[in-house]
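Please open the model in your viewer and keep a selection tool at hand. The stops below proceed from the whole chain to single residues.

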Amino acid sequence: LGGHSLKATIVAAKIFKELHVEIPIKKLFQTPNIKSLADDIQTVQKSKYDPIKPLNKQQFYATSPAQNRLLAIAKLDESSVNYNISGAFVIKGSLDKSRFEQAFHSLVQRHESLRTSFQYIDFEAKQIINEKINYK
């Protein structure tokens, strides 16, 4: 079917969740067919699958080391746009602006990462998940 690392990651996660067997992504690319993969799965020791559980709702959340590193780099040059991913799309035909805005708002409301901001509290970076975003 063709594939790339994102598809392989999804397959590996599903195998782990359903069969409790961890298969390295590299192994998926090296295994030529499903029979060989099944044979490999039979020989691997099973391990327990523990899904990531959501945290209880809090006023703010700790940042990860990677987030702290990016925030520190951003503070060095606040005018930098190095970590912005820009892009443009050309829309052909008519655009229903109201429906487009509604879809955009729904997307932002559904995904907390799109409503997350960072603030320093007692000299420490924290993540704040905003319930509502003011677009104006």
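**Conventions**

This is a predicted model, in which local features require pLDDT of at least 70 and side-chain atom pairs count only at pLDDT 80 or more, while totals for chains, interfaces and linings use all residues. Residues are numbered from 1 along each chain as its sequence is written, and side-chain values use heavy atoms, with hydrogens and water left out.

**Stop 1: the whole chain**

Five helices and three strands are present; helices (H or I, at least four residues) and strands (E, at least two) are DSSP runs, numbered from the N terminus. Read from the N terminus, their order is α-α-α-β-α-α-β-β. The radius of gyration is 21 Å, well over the 14 Å that the globule rule gives for 136 residues, so the chain is more spread out than a compact globule. Here the radius is taken over C-alpha atoms, and the globule rule is 2.2 Å times the number of residues to the power 0.38. The C-alpha trace spans about 55 × 50 × 30 Å along its principal axes.

Next, show the surface. Its accessible area is about 12,100 Å², with 57% belonging to carbon and sulfur atoms; areas come from the Shrake-Rupley method with a 1.4 Å probe, and for residues only the protein chains shown count as cover. Of the 136 residues, 15% count as buried. Buried means under 20% relative accessible area, exposed over 50%, and partly exposed in between (1.4 Å probe, protein chains only).

**Stop 2: the largest nonpolar core**

Select Ala8, Ala12, Ile15, Val21, Ile23, Leu28, Leu37 and Ile41, the eight residues of the largest nonpolar core. Such a core is a set of buried Ala, Val, Leu, Ile, Met, Phe, Trp, Tyr and Cys residues joined through side-chain atoms within 4.5 Å. Helix H1 (5-19) and helix H3 (34-43) each supply at least two residues of this core, and the largest share, three residues, comes from H1. In soluble globular proteins, nonpolar side chains tend to be buried together.

Now centre on Ala8. Leaving aside residues up to four places away in sequence, Ala8 touches Ile25, Leu28 and Phe29, a contact being heavy atoms within 4.5 Å.

**Stop 3**

Which residues of H3 are buried? They are Leu37, Asp40 and Ile41. These residues cover an arc of only 100° around the axis, which puts them on the same side of H3; the arc is that of the directions from the helix axis to the C-beta atoms. H1 and H2 are among the elements that cover them.

**Stop 4: salt bridges**

Side chains of opposite charge can pair when their charged atoms come close. A salt bridge is a side-chain nitrogen of Lys or Arg within 4 Å of a carboxyl oxygen of Asp or Glu, and the count by this rule is five.

- Select Asp40 and Lys27, whose side chains form a salt bridge at 3.3 Å, N to O. Asp40 in helix H3 and Lys27 in helix H2 (residues 25-30) are 13 residues apart. Lys27 is partly exposed, at 31% relative accessibility.
- Select Lys57 and Glu131, whose closest N and O atoms are 3.1 Å apart in a salt bridge. Lys57 lies in the loop between H3 and strand E1 (61-62) and Glu131 in the segment after strand E3 (124-129), so the pair ties together parts that are 74 residues apart in sequence. Lys57 is exposed at 67%, whereas Glu131 is partly exposed at 43%.
- Select Glu124 and Lys126, a salt bridge at 3.4 Å, N to O. Glu124 is partly exposed at 45% relative accessibility, while Lys126 is buried at 13%.

**Stop 5: positive phi**

Most residues other than glycine have a negative phi, and most peptide bonds are trans. Select His20, in the loop between H1 and H2; its phi is positive, near 60°. Then select Asp122, in the loop between strand E2 (116-121) and E3, where phi is near 50°. His20 is partly exposed at 32%, and Asp122 is exposed at 71%.
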